[in-house]
Amino acid sequence: MGEIYGALAMFDTPEQIVEAARRVRERGYVRFDCHTPFPVHGLEAAMGLTRSKLPFLVLGGGAMGVLAAILLQWWTGAVDYPLLIGGKPYFAMEFATPVTFELMVLFSAFTSVFGMLALNGLPMLYHPLFNAEIFARVTDDKFFISIEAIDPRFDRGHTVEFLRSLGASEVVLVEE
Amino acid sequence: MSTVSEQMTRPRLVLGEQTYHTITEAISKIVEEKTPREWYIAFGITGGMTVMLGAMLAYLVMTGIGVWGNNIPVGWAWDITNFVFWIGIGHAGTLISAILYLFRQKWRTSINRAAEAMTLFAVACAGIYPLFHVGRVWVAWWLFPLPYSQGMWPNFRSPLLWDVFAVSTYGTVSLLFWYVGLIPDLATLRDRAKSKIKKFLYGVFSLGWRGSVRHWRHYEIAYLLLAGLSTPLVLSVHSVVSFDFAVSILPGWHTTIFPPYFVAGAIFSGFAMVMTLMLLARWAYKLENFVTRVHLDNMCKIMLATGTIVGYAYATEFFIAWYSANKYEQFTFMNRAFGPYAWAYWIMISCNVISPQIFWFKKMRENVVVMFIVSIFINIGMWFERFVIIVTSLHRDFLPSSWSYFKATYVDICTFIGSFGLFLTLFLLFTRFLPIIAIAEVKGVLAHELHQHGHGAAGSHGGKH
C-alpha cells in the first residue's frame, strides 16, 4: 500500500451518520468530511459547519449587474451615440428598469453558480476517495465519513477502530 | 415538527416499498437500459419534423419573409404567436422548479427535472421565430449592444430590446438552474456507468461531485438563491413579452392588464404541456410510483385556477373596452368575438375557459385519459389566445381600405410543426441520456417521509442489494 489519504467509513442511515459526525468532531478531528447521496438534515450542524458565505458574493454580483446595466444604457444612449427617438429622453430610469432588472438577475445567477463551484473547488475530476470501491455507493444509498491522514489526531489503527466503534458497516483505508 | 393529524392525512409522494437504492435503480434504469425500439421510431418521426424545420428556415432565408403569410397590416402573425406560445410553455418549468421550491412544495421533486428540461427546449423553439423574423438573420447579433463599425447601439427605449434581454437571461438562468440540479444525479450515473465512454462523459459533466457535506452546504444555498432569482425572473419575462404589445398604442394591445394576464396564461399553458409530457413519460417508463395521483391532482388544480384567471382576464378586457367608452377599443373587441376571426376566438374560449372547469370534479382529476385530452385542449387554446390577440388586433387597423384577412401559408404551418419536432427531439434525447426525475431530491423526500411515518431507516429494510 502506498501513501494513505485517509480512512473512509460507510454507514447505512442518515440518523447514524449525524450521530457519527458529531462524535468524530467531539473527538477533536478537524480534517474530516461527510459524504451523502442527498443533503441530510442536521448534518452540517453536527459537523460544526457555519452557514455558507455565498449569499454575500451573490449580493455583490447582483450589484455589479445593476451598475453594468445602468452604465451600458446611459453611455450608449446618452453619451456615445445619442439618437432622438419619439422625443423621449436619452436616458431615464423608467425605460432602463427592465434591462437593469434582467442583468441583475443574470449576474447574480452567474455568481451563485460559479461562486458555488469555486467555494467547493469544483470541477475536480480526480479525488483519492474515488479509489475506494465502496465509495461508488455515495451517490446511491450509503453515507460516508472520511478522515484525512494529515489530521493531527489521525492514527491508522486508532482511527479505524474508532470509526468501527461508531457503528460503521465498513471501514477502509484509502490510498492517495 | 408536524402535528399528528398532518401525518395522518398528508398523502405520501413516493409510493411502493422504496429504499434509497430502489429509487436510484428505478430512475437510472431508464437511461441505462437498451434503447427501446419505440424510442427509435419516435425519434425518427420527430427527427424528420426537425429536418423539415431546417428546410423551411433555409427556404425562408434564401427567399425572404414573404414566404410567410404575414403582410401589412398583419405584420406579426404565426411567427410571434409561436414565439409567445413557446415562451409561455417554458414558464411552468421555472414555476415548478423555483416558486414551488420556495413554497416548500415537496411534490415538485418528481416533475421538476422534466419541467425544467421542457423550459429549455421551449425557449430554444421560441427563439427561432423572432430570430428569423428579423429578415436578415445573419445580422441578428445587432440586437445585442456590441461595438461594430456603424457605431450605433440598440434602442433601449424599445420593449423589443427589453425582450432580447429578458429572453436571453431567462434561457441562460434556466440552463444554469437545470444543470446545477443535475450535478449530483450525473454523479450517480457516473458511479453506475459500465462503459468507459459513459464514465468519462458523466464524470466530466458531474464535475467530480462526491457528495461532500462541505459541498452540499454551498450547493443548497446556491440552489435556493437560483430559485429566489428565477421567481421574479419568470414573472418579469412574460411581463416583458407582454410589453411588446402593451407599450404599443394599438387597440387590443394597449392595456395595463397584459403583464399579469400573460403570466397567468403562461403558467396555464406550461402546466398543460408538463401534463401532456409527464403523462406520456409516466406511461412509457412506468413512473407511477414517482409521478403519483397526488402530483396529477395538484397539476389539475393549478390548471383549473390559472384557466379561470385567464377567463377572468378575457372578461375584464371586454368590460374595460365598454367602460372606457373608446370606440376603437370597443370595435376591436366586438370584432374579435364576432368578426371574421370569431372562430378562433371561440376555440380559445372553449379550450381555455370551459374545458378546465371539468377539474372541479374529483373523478375527472383522477382520470388520466380526461387529463390528457384536456391538457391537449389547453395547449391548442393557448396557441389560439396568442393568435387572437395578435392577428385580430392587427387585421382591421385604423384605415378600412387596408383591412385584410391573414391566411397562413404552408411555410408557416410546416415551420410550426417543425418546431414541435425540434422540441420533441430534444425531449427524447433528454429522456435517453439524463435522469428524468431528480434522484437526489426524491431521496430527500423519502428520507423525510420515512422519518415522519416512523418507518425507520430506509437502508435497513429490504437492504440486501
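Select Gly252(B) to start. This residue is buried, with a relative accessible area of 0%. (Buried means under 20% relative accessible area, exposed over 50%, and partly exposed in between, with a 1.4 Å probe and protein chains only.) The model is predicted: local features need pLDDT of at least 70, side-chain atom pairs count only at pLDDT 80 or more, and totals for chains, interfaces and linings use all residues. Residues are numbered from 1 along each chain as its sequence is written, chains are lettered from A and ligands numbered from 1 in the order in which they are written, and side-chain values use heavy atoms, with hydrogens and water left out.

Stay on Gly252(B). It lies in the loop between H8 and helix H9 (258–285) of chain B. (Helices are DSSP runs of H or I, at least four residues; strands are runs of E, at least two; both are numbered from the N terminus.) Now show what touches Gly252(B), leaving out residues up to four places away in sequence: Phe258(B), Glu317(B), Glu329(B), Thr332(B), Phe333(B), Arg336(B) and Ser393(B). Contact means heavy atoms within 4.5 Å. Next, select Tyr40(B). From Gly252(B) it is 212 residues away in sequence and 46 Å away in space, C-alpha to C-alpha.

Move to Ser236(B), in helix H8 of chain B. Is Ser236(B) buried or exposed? It counts as buried, at 12% relative accessibility. Beyond its neighbours within four places in sequence, Ser236(B) is in contact with Phe101(A) and Glu102(A). Its side chain and that of Glu102(A) make a polar contact of 2.8 Å. (A polar contact is a pair of N or O atoms within 3.5 Å; within protein, one must be able to donate a hydrogen and the other to accept it, and residues adjacent in sequence count only if both atoms are side-chain atoms.)

Now show both chains. Here 56 residues of chain B are in contact with 66 residues of chain A. The rule finds 22 residue pairs in polar contact across this interface, both at pLDDT 80 or more. On the side of chain B that touches chain A, H8(B) gives the most, with 17 residues.

How many salt bridges join chain B and chain A? The count is 1. Select Arg214(B) and Asp33(A) to see it: their closest N and O atoms are 3.8 Å apart. (A salt bridge is a side-chain nitrogen of Lys or Arg within 4 Å of a carboxyl oxygen of Asp or Glu.)
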